Each structure stands twice: as structure tokens, then as C-alpha cells.
Amino acid sequence: MRSFIYLLAGFISLPCFAALTHITNSELDLMYSLYQAQERDISKQALHKRLLENQFLIAQADIRALPLVARHSDVGFSNAYHVRRYLQAMLIHQTPKLAERPNKAPALDWTSDQLISILGSYPDSGRYTKKQMQSWHDVELVKSPRLTLKDVIDDQSMQGRFALHSGDIAHLQTVVNEYVRFHTLKIRASKTLAKHNLKLERLRLLALGELLRPPMQTYLGIKDEMHGERSDYVEALKASLSAEEVNQFYKKNKREFKYLDNLFATAIIFESQKLANNVFAEIKRTSISSVMKRHRLTNQFAMPDKTHKPIKITRHHTLTWLAQFAFSSQLGQVSKPIRMPNGLWAIVYTNQPTFKFHSPDSETVRYRASLSLTKDKAISAYEKLFADWQKANGIQL
């Protein structure tokens, strides 16, 4: 635990040279206008906090040297690519005329075979050697602003790279056109930016902050990962949980750990849906007990004993599928006929449930407690890190 706290303190004290520590009025006005155009409901005050929080997240990513600063995933585009697209949207939003007369790069004098020859086969690992990247760095596609084959490969998603390795010249031309168009756009926007006291590099950091916000908040544990994966940071938080914290969580939330342990159940099986429906209708008019007696039906849960009476079962009954169906059925009511995996039809009836509580040291309690307590710790740590970053940079929100 102490080592983890010390680790947090180390992250707080390290300087960050990239992130912004204040948002100008011009920047806030531009971002607020962009948000409104995207129909995102947020006040200027809340947006100001969000933009600074984004810069805090850039700082956290920087001091932790996280790969997601450059790319969110190995199969996706680079962040540089996404930032250019975001910046382009910002610039065009501010000055719509910039979208007119888009510039195109000169047509590449390349053949598909030449591209395949230079790139070779797409690596099975999806990774390139330093030697490959250096050789592609020397292949110039655009002289000014300089664009190399390495730059293109760096930016592309796995799908885009595969297309290039397959000799897709049209795709390469599209990438080059987009690059030239963006840089031409920057030049044409320079006077407007200066007029509104805006600087491209600062706008670049605002764009990067918007892009890094979701993955960084996931990394720091305040947002859930889609596939349940957790960062090393969150795993360290989880490892710091004590038995006492888990016990206190159990006492506070005991009613959440109540579960249905056993119940009395009756199951009837039929060879056809028609017969099952007829019996179900008869049961609804009278009772399951009287119908079973009249037709000499047997409770399948009681087999090999031939009885119509309900018996106590647990989820671990040998008739696994029927048992799970019984435990998921509404207590005190006969279920509608349902088709079983083997093609037969079943009706079940359950009552007299017995509820119990999972023990404090059960896997269920440990799992739920770890999820909830780790999230709480992540939020507390996040708030402290953000507050310390604001204090260190003289920020008041």
C-alpha cells in the first residue's frame, strides 16, 4: 500500500512540459461554438473545466510514458492522424470558406508493383523493424511540406497498411491528398488564427486532449473498459485493497449478496407442443397438482421416484437445463411451455424458496467488492491527482 502511495506521489511531482495550464477566451469561444455546432449540451463554465481536465490527462499520459499518447490501439490510426482531422474540423468551423477549393497533391508517378516492391509483405506481427522504417523515411512522397512513406505508414490503421502492402496506389494517393490539403488549410487559416489570437500548436493540444480523454479516464479507472480489461494502474489499485475494506463493504451491502439457494419444484415433460399447451391450459383452469394426478404425470425432478409432488432442488440438480429454467421462472406460477434443447417441451412450477447470503470470503463477494472499491479508489485518486495538478499550476476552477 505504501509503495503505491509513493508511486502516486512520484507521478504528481514529475513535471509535464506539453500540456496547457490555461485556456484563453478565444480558445474557449472556438471550442464552445464547435460544441454547439455538434449539438453537445454543455455550459461554457463546464466546458472550460473539461478542457483543462483534458490537459491534465495529457500531462498524466506524458509523465507515465503511455503508448496511447501516440496511438490508442495497434489496429487504429495514429493520434497524429486524428488530431489533424480534428484540427481541420476546428479550422473549417471557424472559417467555412476554407473548405472551398481544396488543394490536391500532384498525382504520384508510382505503380502498384513499385509500392509492393518497396514495402514488401505485411508482417504477421503487424510490427516493423527500425531498418524498415528508416528505409521508408528516405522515400519522399511530397517535398514541401515533406511527407515520407514512413510518415504514411506511421499514421495508417492496420487496414490501411495492409492496403498499401497490397499495392493500393489509389489509397496512397488519397492519403497524400489529405496531407497536402491539411497543410494548405493551415497556411490559409494562419491570418484568421492570428486575428483571433489563436495558435495552431495550442489548438493541437486542445484536439489531443479531446482524443485522449476517453482512453486516459479508462486507464485511470474512472471509466469502465468495454471488454473488462484493466490497466496496470487500476490493477495496482485493486491489489491495494485490504481484507478489512472488503469486510466493511460486505456489511454495508449485505442485502446485495442475498441469493436463492433452493426451492421446491415440479417439472413435466411432453413430446409435443400441442400436448404441453393443452395441459398448461388445464392447469390454469384448475391446479398443477390435480392435473398431474388426473393424467398420472411424473415430476421429472423426482425421478426415478414416480411422484407428482414437488421436491426441493438446488441449481446443481442433475437435470441441469430444467433446474436453471426452474430457478429463472416466476415463483408460485406455472411456466408457459418451453422447448428444451433435446426437442421435448417442458412446464415447471416452483414455490417455497429458501434464500441465503454469500459468505464474506466467497468469490462472489470478493469480485463485486473489488469492482466497487477499486472504482471508488480510482475516483478518489483521480480527484486528488487533478486537484494537485491544478494547485501546482496555479489553476482555480
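A word on terms: strands are DSSP runs of E with at least two residues, helices are DSSP runs of H or I with at least four residues, and both are numbered from the N terminus. Two strands pair if DSSP finds at least two bridges between them.

Strand β3 (residues 258–270) also has β6 (residues 345–357) as a partner, and this pairing is antiparallel over 11 bridges.

## Two cis peptide bonds

Which bond joins S144 and P145? A cis peptide bond does, with omega at about -5°. You will find P145 in the loop between β1 (140–142) and β2 (147–148).

Another cis bond runs from M303 to P304, where omega is near 15°. P304 sits in the loop between α14 (288–295) and β4.

## Positive phi in loops

N197 has a phi near 55°, a positive value in a residue other than glycine. This residue belongs to the loop between α9 (169–195) and α10 (200–219). Is N197 buried or exposed? Its relative accessibility is 63%, so N197 counts as exposed. For these words, buried means under 20% relative accessible area, exposed means over 50%, and partly exposed is in between, using a 1.4 Å probe and protein chains only.

R296 is not a glycine either, yet its phi is positive at about 55°. R296 is placed in the loop between α14 and β4. With 77% relative accessibility, R296 counts as exposed.

## Helix α16 and what follows

Helix α16 (residues 363–392) has 30 residues, and at 1.5 Å a residue it should span 44 Å. The expected span is 1.5 Å times one less than the number of residues in the helix. The end C-alpha atoms of α16 are 42 Å apart, which agrees with that expectation. Just after α16 comes G394, with a positive phi of about 65°.

## Reading the numbers

Residues are numbered from 1 along each chain as its sequence is written, and side-chain values use heavy atoms, with hydrogens and water left out. Because this is a predicted model, local features need pLDDT of at least 70 and side-chain atom pairs count only at pLDDT 80 or more, while totals for chains, interfaces and linings use all residues.
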